[in-house]
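Hi everyone, thanks for coming. Today I'd like to walk you through one ligand site and what lines it. Let me put the structure up first.

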Amino acid sequence: MSLVVAENIDKDYQAGEISIKALKGVSFQIEQSSFVSFVGPSGSGKTTLLNLIGCLDKPTHGRLRVADTDVSTLDQKQSASFRGNHIGFIFQDFNLIPVLTVYENIEYPLIMVQNVPVQERERRIMSLLEAVGMGEQRDKYPDQISGGQKQRVAVARALVTNPNVVIADEPTANLDSKTARMVIDLMKKMRDESGTTFIFSTHDPRVVAEAEIIYTLEDGELTGREAKGGTDDV
Amino acid sequence: MFNLLRIAVRNLRRYRRRTILTASLIVTGVVFVSVFVAVSGSFKNMMIGQITDSFLGHIQIHRKGYVASIDSLPLTMNLKSQAVKKIDEAIKGIPEIEAYSPRIKFAGMFSNFVETTNIKINGVYPEKEIKTAPLFLSRIREGEKIIKKGEILVPELLAKGMKAKVGDMVVVIATNKDGSVNGKQFRVGGILESVTGPGGRDGYIHIEDATEILRMDNMEISEIAIRIKEFSQLHETHNKLQDMLSKERTEQGKPIFEVHTWEKLSPFYNVATMIDMMTFFIKLMLVAIVLISIMNVMIMAVYERVREIGTIAAIGTLPGKILSMFVIEGFCLGLIGAVIGSILGGAIIFVINFSEITFNFGRQKGLILSTSVNPNDFLVISVIVIIVSVLASLQPAFKASRMDPVQALRHV
Ligand SMILES: Nc1ncnc2c1ncn2[C@@H]1O[C@H](COP(=O)(O)OP(=O)(O)O)[C@@H](O)[C@H]1O
Ligand SMILES: [Mg+2]
């Protein structure tokens, strides 16, 4: 069965008197280990959709299954532990915890969310630090490293819990194009090594090109799907 | 837990200036309260000590109804030897009691052969009285520090009015309970300082002289004053004594004895209560200070860290952990304030003791204000501060834990 199955999803926001239809009848399936991008202009519903897949929010109508779980039935606490066990997050603004070092930021979900024994923790963090190339900066605080470095740490933090899927909402929007390209390459490399599914959104055409499956969103509707059969560059 | 603590402490360090400001406020409060509690507490204890150790004793036993009519010192309400024996036995069964002193009290006339005035006479066993009221002898201002047979210790006010001096001969006249009048000559053995200010009219004689004036064939006792070993055991000892003595009943089933602590016997109990009340309200103010400052700082902390809260919530941190994170932060802030405040308070109390500040109580002059540093007080104040800190951070922490991660992440 597919990792993510969305059937006819609607998402309405209530803004005072009027209701905004952010997603209208969206259906798709995402397979294990794929590298998927949702593309569309600002306001097209990318964040809304990723929030639903990431189990941060619930669809107004329709069915949504993630990792064999009907996520629309979970309460606050269940959603939190579902996210902690199955989903990794990468944010547009990096969102590292400012009072924790690089090492501790990656360690955070292993202590505060999952309960991984210390040796296993160390092993995973060290190998991820190496993989994202941040081994030398392990004791620095987020305000002592660059944006691209922060996002590499964020990639490591998202992967350290061995999630089924990593959600990245515009992960490169705050990076220059060279760094953006490096972060996307890193994500793809991590997918290749761990088999974790990556789903990210972007409106940057150079970044879009890196995705293997590209969904196009317009005004809350899914208007296109393009698969590129595993090749990298266009 | 370790990590929650680490994050809390680092966040406190991150907003260093605000943390220092809030902690200083709490420190000031703790210092103020602990010094106040120590000073007022030792003043209170000293006052109680002066009263109980100079004449009152800690506990007194009378025949039921005596205290209600104590102003007239009624001889008809004395305890017969049978009753005194019962009390003796009860007292022997209570190891907390250090000493006791039976007294015969009566109202009489005091004459220097020229003038006559009224006086309250206490007939006591000298050794027992001194053990029960250890400061008694220090009140004898002139003359030998002793109570001798054939001698009377005259209260200073009366001595002044009657121009009685040590060595003078005077007469004490009293009516006994049968209505016959009798007098006895005494030598003035000493002048007695009053404890609670002018107005004291209590003179002291040997108990055997008292039985002679009152023509008692069998000694009858008006009151038995008791000193206990540990003042903190006052109420326990009182209850024990009360229990034992309340078994003794008249044929009508009414209790024979009444047992009172100094609190029921001295108007200074009201002063002591007032000091306690003031202490209570000062503590209440501290609670308010801590509550407001911690709540304020924690509300700010939550507001400033909305995106961080959104991030950790999105990652899967359970609401309970987020709650703990902020509560621990408030706890640490309270702890810092309590610890530093206690240390500073202790130092100030030490300085107060060192500089030997004196004060006057009643006619006692130059009593040194020795504030006893009671570690318990610091503990109580610190615990109050810490509990209030936790309570004050609960509301903001709860708000943080309930935050919707989507909304929190959109927050700018
Ligand atoms: N919490 C919200 N309340 C009301 N409207 C919202 C909310 N979040 C998003 N929207 C609206 O939903 C639409 C889609 O937004 P979004 O998913 O953020 O788009 P994108 O990420 O593609 O820019 C927009 O019109 C936006 O204004
Ligand atoms: Mg968006």
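Before I name any elements: helices here are DSSP runs of H or I with at least four residues, strands are runs of E with at least two, and both are numbered from the N terminus. Please also keep in mind that this is a predicted model.

So, where does ligand 1 lie? Ligand 1 is found between chains A and B, and it sits in the largest pocket.

Next, the shell. Ligand 1 is surrounded by 13 residues, and the closest are A:Gly43, A:Lys46, A:Thr47, A:Thr48 and B:Arg410. In chain A, β2 (18-30) and α1 (46-53) each supply at least two residues of that shell, and α13 (405-410) of chain B does too. The largest share comes from α1(A), with three residues.

A:Gly43 places a backbone N or O atom 2.7 Å from an oxygen atom of ligand 1. A:Lys46 also uses its backbone: an N or O atom there is 2.9 Å from an oxygen atom of the ligand. With A:Thr47 we turn to a side chain, where an N or O atom lies 2.6 Å from an oxygen atom of ligand 1.

And how much of the ligand does the protein bury? On its own, ligand 1 exposes 560 Å², and the protein buries 75% of that.

That's my tour of the site.

Definitions and conventions:
Residues numbered from 1 in each chain as written. Chains lettered and ligands numbered in written order. Predicted model: local features only at pLDDT ≥ 70, side-chain atom pairs only at ≥ 80, totals over all residues. Heavy atoms only, no water. Near = heavy atom within 4 Å. Polar contact = N/O pair within 3.5 Å; in protein donor to acceptor, adjacent residues only side chain to side chain. Areas by Shrake-Rupley, 256 points an atom, 1.4 Å probe, with all protein chains shown as cover. 1 Å grid on protein atoms, 1.4 Å probe; cavity = no way out; pocket = protein on both sides within 12 Å on 5 of 7 lines; lining within 4 Å. Sits in = over half its atoms within 2 Å of the grid points.
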